[in-house]
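Here is a protein chain to look at.

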Amino acid sequence: MTFILEPYVLDAYAAAVAACRVPLHDEAAAQDALFEALRGRRFTIEREVRLGPGERVDFLLAGCIALEVKVKRAWSKPGVLRQLRRYAAHERVAGLVLASNLAMHLPPEIEGKPALAVSLGRAWL
């Protein structure tokens, strides 16, 4: 089953993610804090969701929004984009959010699905 995601829904989830104050020194700690913060807001959130063989997204929000968290200092922007493309190819994924402490531009759509990048550092300002 393919989900159609209205842009305002993705915007609302991305804004909620961006508002969470999470540790920016360690990806696992950031994921833990983000999970607790979003669960505390009563979001439907699944952690480490297997989309297919070798494909595991950090979080799935509302059953259809792939949320990938990156807080490492040295990750490859082209590698992250390839990863998001693989996630977008899955039928279960209707939209994508990249949450990172580093700036990264995403195209408005990846594989025909809406995509947004949010800054994890913004909540600390």
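The questions below set each label against its definition.

This is a predicted model, in which local features need pLDDT of at least 70, side-chain atom pairs count only at pLDDT 80 or more, and totals for chains, interfaces and linings use all residues. Residues are numbered from 1 along each chain as its sequence is written, and side-chain values use heavy atoms, with hydrogens and water left out.

Q: What makes up the pattern of the protein chain?
A: Along the sequence the pattern reads α-α-β-β-β-α-β-β-β. That is three helices and six strands. Both are DSSP runs, numbered from the N terminus: helices are H or I with at least four residues, strands are E with at least two.

Q: Why is the protein chain called as compact as a globular protein of that length?
A: The globule rule is 2.2 Å times the number of residues to the power 0.38, and the radius of gyration is taken over C-alpha atoms. For 125 residues the rule gives 14 Å; the chain has 13 Å, which is close, so the label holds.

Q: Why are strand 1 (45-52) and strand 5 (109-110) called edge strands?
A: Two strands pair if DSSP finds at least two bridges between them. The open sheet has the order 1-2-3-4-6-5, with mixed pairing. Strand 1 and strand 5 each pair on one side only.

Q: How do you know that strand 4 (residues 95-100) and strand 6 (residues 113-119) pair?
A: DSSP must find at least two bridges. These strands have five, in the parallel sense. Leucine 98 stands opposite alanine 117 in strand 6.
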